[in-house]
Amino acid sequence: MNERTDIGALRARLEGTRGREYWRSLEQLAETAEFKEFLHREFPQNASEWLDPVGRRGFLKLMGASLALAGVSACTRQPTEELVPYVRQPEELVPGKPLFYATAMPFAGAGVGLLVESHEGRPTKIEGNPDHPSSRGATDLFAQAAILGLYDPDRTQTITNLGEIRPFSSFAAEARAILSSQQTSQGAGVRILSETIASPTLAAQIRELLTRFPQAKWVQWEPFGRHSAREGSRLAFGEYVDAQYAIEKADLIVSLDADFLCTGASGLKHSRAFASRRRMGGDGAPLNRLYAIESSPTNTGSRADHRLPLRASQIEGVARALAAQLGVAGFAGGALPEAATRWMAPLVRDLQASRGRSIVIAGDGQPAIVHAIAHAMNETLGNVGATVVYTQPAEAQPMNQLAGLRDLVAEMNAGTIEFLLILGGNPVYTAPSDLEFADAMQKARLRAHLGIYEDETAALCHWHIPETHFLETWSDVRSDDGTVTIVQPLIAPLYNGRSAHEVMSALSENGERSAYDIVREYWAAQSGFSLQPVIPPPAPTSGGEVAPTGGAQIAPAPGGGVAPTGAAQIAPPGKGAVAVVPGRAPIVAAPVPALSPFDREWRRWLHDGIVPTTAFMPRTVAVQANFAAQVPASPAAAGAALEVVFRPDPSVYDGRFANNAWLQELPKSLTKLTWDNAALISPATAARLNLISGDVVELRQGGRSLRIPVWLVPGHAPDTLTLHLGYGRTRAGRAANGIGVDVNPLRTTGAPDILTGVELVKTGDVYDLASTQDHWSLEGRNLVRVATAAQFAQDPQFARKQEHQPLTGLTMYGNYKYEGYAWGMAIDQNVCTGCNSCVVACVAENNIPVVGKSQVLNGREMHWLRVDRYYTGDLENPDTYHQPMPCQQCENAPCEVVCPVSATVHSSEGLNDMVYNRCVGTRYCSNNCPYKVRRFNFLLYSDWNTESYWLQRNPDVTVRSRGVMEKCTYCVQRINQARVAAKLDDRSIRDGDVVTACQAACPTEAIVFGNINDPGSRVSKLKASPLNYGLLEELNTRPRTTYLAIVRNPNTELEPAADTGEGEERN
Amino acid sequence: MPQIFKASANTLAKVSIVGILFLAGGTIGLIMVLGRSSYVTRANEYIEQPLQFSHAHHVGDDGIDCRYCHTSVETSSFAGIPPTKTCMNCHSQIWANSPFLEPVRASFREDKSLHWIRVHDLPDFVYFNHSIHIKKGMGCETCHGRVDRMPLMEQQASLQMEWCVACHRAPEQYVRPRSEIFTMGYRPTEPQSTLGPKLVKAYQISANTSCSTCHR
């Protein structure tokens, strides 16, 4: 933003508009020159211009050369390619066909169930496991991007001691020596520091060590480790329990600063359940209603029917007042901010009316008391047992992590720590700054670090051991509801890594063992099945059960299909093992190793991706009567003193994904920022402080300070700044080093989530932030169409009535009749939360390159699928809508008619094909695309040189080179695979056979793809909905991608305008 | 003032104008011919392999079915190159001590793959699927030629797009009964002009010519 925007004028303008107006950014509202540039050109000025002057001579030379080259390029001989077959081919592997393996991704104290696609032994794409209760086939953006993390060339590759390469045995010897010297003191000088561990086996291994050394301690530290949730449950119930929410049963949900749809281990599950109550029509479930009270805008807040931006420190007061009004013992109402006062009575009435069918959820960033109040309110409202159940936590050893880390630092400073073993994590970077963790750690006599990267912590440790990625090792993990998944490797460790299991076993009395043996032995003991094989009866057993093949230790595959249909596939009955031909001796199959009873179970667990009956049983807990008295009300911020809330970054989390370029380049859902973090601030506060986006400010509190650019976010709570952790890394790798700002210097153990009394000083510096919010802006009206439930009941056709012009249906080319399949997509904006997993899934599936910050600033990002975010209403509390924008696959595609070389043409099934090998890069197509969904390779963006990335690429999609246009293909490779599979079976493609990458990843099933010629297909049914509309249909492009208009469900008491015709168009 | 140009200059000018036209046409023609020549397509070119494997011997003399080695041709896009184990099925018994087969035994012994040179190499932006062509009645011979007469494997067709599209536009000229797919030297029992359309109908061949059929 180069011009100074006048926030007051913007507000006046918004008030002056009649009806609804949808805007993407403040710049659009202000109609800055920069925004107009983005609107009127498909690429901004500098992006597409050739700035060097070209004279007549130069022009002739270039013309001559290009003519000659155009001819010659047809005459190049291809380089020689080698074919390298197996020596012994694994039985389950068919060359050219991918296999899918069930596994799970451990993340921040819980696991997400996954199916990973493997092409001849190299994992290429991650999907959710449909059988897994936490993912139900969907994935979040971190799971999608994990595949790039596996192949990251910046992962550490060698075991080092003080920078020198050493074998693992030397580490084991030194660690054992120091442990034996600790025998007498019972391990008083031994400390293990890990992230939150949800692996039962690893926890058992650590406990075994603690039994041998009773004075040793295990400390867990996760910078966003749900410390408030944990302490809140202890406050309310006297013990650690996890609340499991049945969102699908709730008619009313109140979020107290909780982003329950898009963060945390239960986000995927919650999103699916939430979506089931937001669809219009279909299963007939009535709409739910979501109230969100939040400080920093979240995706959950963007889906709320009522959203109240409040300063984080004021939310406790609201929670207390709400509890008092609902009749929770021990609470009395206090003074509330004005906005909240207006809310209180209608909200209480609504909650009282939905007793047993409501949920109150407290956010992880809120103090423990708010969590305890939420538990008490749920109990008072009769929700416990109905919409809320309590179970034991998924993490293996819940503990007060902040206190544990503080004690550890004190002990290290006291010089009593002889051996500090850090199992994963990066505490030097993530520990609150008041602990001075780096200084304290260096007082431990021997420090060893196990980690994927040689990061800030590794640099200060004596030993550094490369850790295996979760796709490289055997392990196990619990998901949030307790279900255990055996983590199975897809590939042998690329960089000689060790898993935490192997490091712990090297320290045990039994000595070094493989993770495979450790995990199996643990579960054999747990399940009670014997590991000893039973000698089979003489009848031959299955030929399909083969021992894991060398190297990568790959277990039986769940078959070639995307979704395994059941355990039966894994062990085909023994047919074909004996072929009896009359007159010849029977050919007897090779002897198969006998299976132990445990192996039979184990193989089914691996195939299904879950260990049955491991989900937690609900626990009965009662809220303690006197908890309210234990915690005095903390003072809410008053006046204009600024406060700061700390949040994990939406893309790189706490910094653990910082070196993942897919995530760095992903426009963050609400700010659309890439490659940076910024202090988010509300427009009103920014206007008061005379700030605009990009201004660098210095934040000071208690002698600590940092400098960070600000970014204006409509709907942000006033007088509050949101700071995202995860940036400002110094030893993360080539993608993350030195970008963004480390906000840890302001974070302390006393105020890990909310910091009050912050002083802001404008420095006068300006910093270029690469936000994509104005890139690919559409020029058109009524792109987003919204009505309330009441308006929809009155006029179900409201979306159609908002067409800018009546549709004529005229065409110059004649109407083509699509016989057979006609592919189409419907996107239900009612359930889209803007979580971004579809965007990363698209990047992973379609080999989409990363371009870097400077290219993003030029408007050259390559994402085929973007999620447009629109605001409407008040600057300080607008409604927010998300609109995923893939190629619209127009039937009358404007791009096709302008291509001089027919590089983009229509297929017989209605796809708008892009032929890379024909494209000469005129960019006329992009210029003519009203939806701006085409992307051009201005430079050679695909990394063709880093060998490890070659393994990641999808072999079914071309890797594009420089000078080529590209765009969404509706995942035509998946369509073609389904078509071939159907033809081989002599049938037609069934509904659901083709699942695009974005659709597969979507937690809310907002994206539906299929054959629109089949009236029974899901996509046809959605397109038949009265809510269905196409974007810019007045241009007669006849898009195959259409959208379902949004129906909100506001409380009429709070939004009296809901009954009037507010949704009318503004022309 | 004397004439600068003689009368013959007129002729010269006319000849050179015509000459330039011929030169331009010739250059374009040359490029088109060169692009289709076996220098570019590598058709009919014998390629030195790590081991001089003879299809003529294994297919022609021994009569081994294509699918004994190319196991996934009916189920996958890739027909499959046999693992060393497949060679050793026979050659642990036959010619077990032949020095000629030492690379195969070494591969098996040392667990190191043989590195064959790809003969039929489509550009990387083209996606071909063997299984569907087999299913729809395309014989191996139609594209790969008389493999049973090739002592060393050679590419017979140009593998250029015009060659692919010729069949995709008129599959009836090339289709054969499913029973004859792996037959070398197949002769239709009735004229192709009547058999072809019948088979196209029976096999429900809808040879697609949309770009995304092969390019994606």
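**Exercise 1.** Which side chain meets that of A:Asp719 in a salt bridge?

*Solution.* A salt bridge asks for a side-chain nitrogen of Lys or Arg within 4 Å of a carboxyl oxygen of Asp or Glu. For A:Asp719 the partner is A:Arg311, at 3.9 Å from N to O. Finally, both residues are buried (under 20% relative accessible area; exposed is over 50%, partly exposed in between, with a 1.4 Å probe and protein chains only).

A word on the model: it is predicted, with local features needing pLDDT of at least 70 and side-chain atom pairs pLDDT 80 or more, while totals for chains, interfaces and linings use all residues. Residues are numbered from 1 along each chain as its sequence is written, chains are lettered from A and ligands numbered from 1 in written order, and side-chain values use heavy atoms, without hydrogens and water.

**Exercise 2.** Find how far apart in helix α12 A:Glu316 and A:Arg320 are.

*Solution.* Their side chains form a salt bridge of 3.0 Å, N to O. The two residues are four apart in the helix, about one helical turn. Both A:Glu316 and A:Arg320 are buried.

**Exercise 3.** Are A:Asp795 and A:Lys801 buried, partly exposed or exposed?

*Solution.* Start with their salt bridge, 3.1 Å from N to O. A:Asp795 has 22% relative accessibility and is therefore partly exposed. A:Lys801, at 52%, is exposed.
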